[in-house]
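Try each task before you read its solution.

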Amino acid sequence: MNYNKKCDFIERNEFDMFYYETTCRYCSKLYKLVEGTKKYQQYKENRQRKFSCDDCERRIEADSRKYLFNRD
């Protein structure tokens, strides 16, 4: 056996991972649900469910915090 053989490791990047493409319920843009995330698992269980993209989630969360702290 040749023990000096170099091992070739394949680097995985975001394009090698499994994903689903779905539309955002708020902005109607296509976005990817990447394997290993909570949304990906939920989408696999129920494909009829609607999800929001990360940008819309951040905007909604920021608006709710703003409303919560600016109440009189």
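A residue is called buried at under 20% relative accessible area, exposed at over 50%, and partly exposed in between (1.4 Å probe, protein chains only). The model is predicted, so local features need pLDDT of at least 70, side-chain atom pairs count only at pLDDT 80 or more, and totals for chains, interfaces and linings use all residues. Residues are numbered from 1 along each chain as its sequence is written, and side-chain values use heavy atoms, with hydrogens and water left out.

**Exercise 1.** Decide whether Tyr43 is buried or exposed, and find its ring partners.

*Solution.* Start with the area: Tyr43 has a relative accessible area of 12%, so this residue is buried. Next, look for rings of Phe, Tyr and Trp (its six-membered ring) whose centres lie within 6.5 Å; planes under 30 degrees apart count as stacked, over 60 as edge-to-face and the rest as tilted. With Phe51, the centres are 6.2 Å apart and the planes stand at 55 degrees, so this pair is tilted. By the ring rule there are three aromatic pairs. One of them joins Tyr20 and Tyr43, tilted, at 5.0 Å centre to centre with 50 degrees between the planes. That pair links distant parts of the chain, 23 residues apart: Tyr20 is in strand β1 and Tyr43 in helix α1. Finally, ring pairs link Tyr20, Tyr40, Tyr43 and Phe51 into a cluster.

**Exercise 2.** Work out which residues of helix α1 are buried and how they are arranged.

*Solution.* Helices (H or I, at least four residues) and strands (E, at least two) are DSSP runs, numbered from the N terminus. Helix α1 covers residues 38–45, and its buried residues are Lys39, Tyr40 and Tyr43. Seen down the helix axis, they fall within an arc of 100 degrees (taken from the directions from the axis to the C-beta atoms), so they line one face of α1. Here is the general idea: an α-helix has 3.6 residues a turn, so residues three or four places apart point the same way. On the other side of α1, Lys38 and Glu45 are exposed.

**Exercise 3.** Describe how strands β1 and β2 are joined.

*Solution.* Two strands pair if DSSP finds at least two bridges between them. Strand β1 (residues 19–23) runs antiparallel to β2, and five bridges join them. Within this pairing, Thr23 stands opposite Leu30 in β2. The two strands form a hairpin with six residues between them, and Ser28 in the turn has a positive phi of about 60 degrees. Last, check the faces of β2 (residues 30–34): Tyr31 and Leu33 make up the covered one, while Leu30, Lys32 and Val34 make up the uncovered one.
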